[in-house]
Amino acid sequence: MTDHLTVVTHPLVQHKLTIMRDKDTPTAVFRQLLREISQLLAYEITRELRMTTKRIETPLEPMDAPTLDGKKLALISILRAGNGLLDGVLELIPSARVGFVGLYRDEETLQPVQYYFKVPEGLNDRLVIAVDPMLATGNSSAAAVDLLKGAGATDIRFLCLLAAPEGVARMKEAHPDVPIVTAALDSHLNEKGYIVPGLGDAGDRMFGTK
Ligand code: URA
């Protein structure tokens, strides 16, 4: 991917996102839509995967048919909200290896604090897709990517549902080599670090914790 930021404007993505933003949308519907959107976003983020051909025989004749070139993938969920995106992407790419980065945001400083890190071996050989629905300040996303680079990853993409301009700028400054794919670029962050207009706390909305 060449662009640092790709906003997926596909009508299905935008329609589903509008329902997710609505504060009256119930948890079960929110979760289902997140799963569906994550697959549409995954479609976009994997658009340029390398291809090769393999010889097969259809019922009619042999052919050299397109197939993925086999660069292995690792999906990294940034806990806890990342898991909502992870499930859908994993359905589309079931052979991907999966890792988890546990970071929570200190509500006063808005800085990320690490509490868990477990990723597949050989990250340097893999295309690494980090998933987190909300790119807000970008502090935890940048910290997660720091950790992934520290573990050897060199080819990283970042998949989110919503991005704030502040988060995109932070990522561009810290990790200009990491393309971002999102469903929308919202207006700004509020004083608590929430994306506006946003959809609220993604974790709470998908897990029904509030
Ligand atoms: N995390 C969320 O869940 N929502 C926001 O708006 C910002 C960060």
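Let's start at the ligand. Around it sit Arg105, Met134, Ala136, Gly193, Tyr194, Ile195, Gly200, Asp201 and Ala202, counting a residue if one of its heavy atoms lies within 4 Å of the ligand. This is a predicted model: local features need pLDDT of at least 70, side-chain atom pairs count only at pLDDT 80 or more, and totals for chains, interfaces and linings use all residues. Residues are numbered from 1 along each chain as its sequence is written, and side-chain values use heavy atoms, with hydrogens and water left out.

Now the polar contacts, meaning pairs of N or O atoms within 3.5 Å. A polar backbone atom of Ile195 is 2.7 Å from a ligand oxygen. Ala202 also places a backbone N or O atom 2.7 Å from an oxygen of the ligand. For Gly200, a backbone N or O atom lies 2.8 Å from a ligand nitrogen. On its own, the ligand has 240 Å² of accessible area, and the protein covers 88% of that (Shrake-Rupley, 1.4 Å probe).

Next, the sheet. It is open and mixed, with seven strands in the order E1-E11-E9-E7-E4-E5-E6. Strands are DSSP E runs of at least two residues, helices are H or I runs of at least four, both numbered from the N terminus. Pairing takes at least two DSSP bridges. E1 (5-7) and E6 (112-118) are the edges; each has a single partner strand, so one side of each has no neighbour in the sheet. Twist averages 20 degrees from one strand to the next, with axes fitted to C-alpha atoms and angles running from 0 to 180 degrees between N-to-C directions.

Look at E4 (residues 73-79) and E5 (residues 97-105). They run parallel, joined by six bridges. Ala74 stands opposite Arg97 in E5.

Last, helix H4 (residues 139-150). H4 packs on the sheet and touches E4, E5, E6, E7 (127-131) and E9 (155-159), with contact meaning heavy atoms within 4.5 Å. Its direction makes about 135 degrees with that of E5.

Methods. Polar contact = N/O pair within 3.5 Å; in protein donor to acceptor, adjacent residues only side chain to side chain.
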